[in-house]
Amino acid sequence: MHDWPKTSTTPEDRFKNTDSFEPEFWKKKSLSELSKEEWEQLCDGCGKCCLNKIDIRGRVRFTNVRCRFLNPETGLCQIYEHRFEKVSDCRDIDLNTVLTEPEILPKTCAYRLLAEGEELPSWHPLVTKNANSVHQAGMSVKGRPLVSETEVSDYENNIVDWSDV
């Protein structure tokens, strides 16, 4: 078993090279045409995809239980480069997932919105050019009552009805 180093990425780090991308690339390309780098830039860093979900009678429900590697202050994974090696049930948010299982993504997810023909929200970091706008708009996990998956055994008592998930 590896003892992976924790990533020190900040929201600012993720968006510091946005000038190297074509302006509003998400409006000019389909999701399938995006480069790996453009795909990564679409993620707003809200952290909501790292909340545990449960299926109740065919309906995916979000909980306030976070992956133990999610930093609730930044909305970012602390072991992003090694997440699939360290967390067996970590989901890759790829085109197939977006198209076949959109319900596992929050309603505000850029991938989900664009796949459904919607625009990016006005608070999205690519729109605002501000890496923290997702937090400032209250659209991330920051400041929400979360518990680590290491502290919970009954997920059903942690279902949330937040309007953005």
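This report describes aromatic contacts, cysteines, strand pairing and backbone angles in a predicted model.

## Basis of the description

The model is predicted, so local features need pLDDT of at least 70 and side-chain atom pairs count only at pLDDT 80 or more, whereas totals for chains, interfaces and linings use all residues. Residues are numbered from 1 along each chain as its sequence is written, and side-chain values use heavy atoms, with hydrogens and water left out.

## Aromatic pairs

A pair of aromatic rings is described by the distance of the centres and the angle of the planes. Here, rings of Phe, Tyr and Trp (for Trp, the six-membered ring) pair if their centres lie within 6.5 Å; planes under 30 degrees apart count as stacked, over 60 as edge-to-face and the rest as tilted. By this rule the model holds 3 aromatic pairs. In one of them, F21 and F25, the ring centres are 5.7 Å apart and the planes stand at 40°, so the pair is tilted. Burial is judged by relative accessible area (buried under 20%, exposed over 50%, partly exposed in between, with a 1.4 Å probe and protein chains only). F21 is buried at 16% relative accessibility, and F25 is buried at 1%. Ring pairs join F21, F25 and W26 into a cluster.

Another pair is formed by W39 and Y111, whose rings are stacked, with 4.3 Å from centre to centre and 15° between the planes. Helices and strands are DSSP runs numbered from the N terminus (helices: H or I, at least four residues; strands: E, at least two). W39 belongs to helix α3 (residues 36-42) and Y111 to helix α6 (residues 110-115), so their pair ties together parts that are 72 residues apart in sequence. W39 is buried, with a relative accessible area of 12%; Y111 is also buried, at 5%.

## Charges over rings

A charge sits over a ring if NZ of Lys or CZ of Arg is within 6 Å of the ring centre and within 35 degrees of the ring normal. R83 lies over the face of Y80, at 3.7 Å from the ring centre. R144 takes such a position over the face of W162, at 4.6 Å from the ring centre.

## Cysteines

A disulfide is a covalent bond between the sulfur atoms of two cysteines. With the criterion of a pair of cysteine sulfur atoms within 2.5 Å, the count of disulfides is 0. For C49, which is in no disulfide, the nearest cysteine sulfur is that of C50, 4.1 Å away. C49 is partly exposed, with a relative accessible area of 33%. C67 is likewise in no disulfide, and the nearest cysteine sulfur, that of C77, is 6.1 Å away. C67 is buried, with a relative accessible area of 14%.

Two strands pair if DSSP finds at least two bridges between them. An open sheet is formed by 3 strands in the order β1-β2-β5, with mixed pairing. Strands β1 and β5 stand at the edges, each with a single partner strand, so one side of each is left without a neighbour in the sheet. Strand β2 (residues 59-66) is mostly covered, as 6 of its 8 residues are buried.

Strand β1 (residues 51-56) pairs with β2 in the antiparallel sense over 5 bridges. Within this pairing, K53 has F62 of β2 as its bridge partner, and I54 has R61 of β2. The hairpin of β1 and β2 has 2 residues between the strands, and R57 there takes a positive phi near 50°. On the parallel side, 2 bridges join β2 to strand β5 (residues 147-148). V65 stands opposite V147 in β5.

## Positive phi in loops

E24 has a positive phi near 50° although the residue is not a glycine. E24 lies in the loop between α1 (11-14) and α2 (25-28), and its relative accessible area of 39% makes it partly exposed.

K129, also not a glycine, has a positive phi of about 60°. K129 is located in the loop between α7 (125-128) and α8 (133-136) and counts as exposed at 64% relative accessibility.
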